[in-house]
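Please keep the sequence and the 3D view open as you go through them.

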Amino acid sequence: MSKSERMRRENIKIRKLRRTVDLTCSLLYQLPLTPELAQNIIGATKKVVLTLFPGCEEEFNLIYLSRFDRILRERGIEEKEPVNI
């Protein structure tokens, strides 16, 4: 596989990642949520992200879980502990 083909495939994965995270943020902002439903949505997002980028669980937790947790706090959908999927 050529370098340009690898770059193209990586760019496709990055676009899928962005769309997935953007959709998740939209859902967390807009849906009437229980803490359990919010965790299910975040868990499904994590599964998709780790399928695209295996082995990047720590990065997901650092970057995206904090963003999702902030959204839930803004909406008043908090649990005693931060979201931890």
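1. Thr24 is placed in helix 1, and in this model, which is a predicted one, Thr24 counts as buried because its relative accessible area is 3%, where the cut-off for buried is under 20%.

2. When neighbours within four places in sequence are left aside, Thr24 is in contact with Ile41, Thr45 and Phe68.

3. Which residues of helix 1 are buried? Besides Thr24, they are Leu17, Thr20, Val21, Cys25 and Leu28, and what covers the buried residues of helix 1 includes helix 2 as well as helix 3 (57–74). As a general point, an α-helix has 3.6 residues a turn, so residues three or four places apart point the same way.

4. The axes of helix 1 (residues 3–30) and helix 2 (residues 35–52) come within 10 Å and cross at roughly 175°; the two helices are therefore roughly antiparallel, since an angle over 145 degrees counts as such.

5. On the helix 1 side, this contact is made by Lys13, Lys16, Leu17, Thr20, Thr24, Leu27 and Leu28, while helix 2 contributes Ala38, Ile41, Ile42, Thr45, Val48, Val49 and Leu52. By type, the residues of the contact divide into 9 nonpolar, 3 polar and 2 charged.

6. As a check on length, the 28 residues of helix 1 should span 40 Å at 1.5 Å a residue, and the C-alpha atoms at its ends are 40 Å apart, which agrees with that expectation.

Methods
Residues numbered from 1 in each chain as written. Predicted model: local features only at pLDDT ≥ 70, side-chain atom pairs only at ≥ 80, totals over all residues. Heavy atoms only, no water. Axes fitted to C-alpha atoms, helices over the stretch in contact; angles between N-to-C directions. Helix = DSSP H or I, 4+ residues; strand = E, 2+ residues; numbered from the N terminus. Parallel < 35°, antiparallel > 145°, perpendicular 65-115°, else oblique. Contact = heavy atoms within 4.5 Å. Nonpolar A, V, L, I, M, F, W, Y, C, P; charged D, E, K, R; others polar. Expected span 1.5 Å × (residues − 1). Buried < 20%, exposed > 50% of the residue type's maximum accessible area, 1.4 Å probe, protein only.
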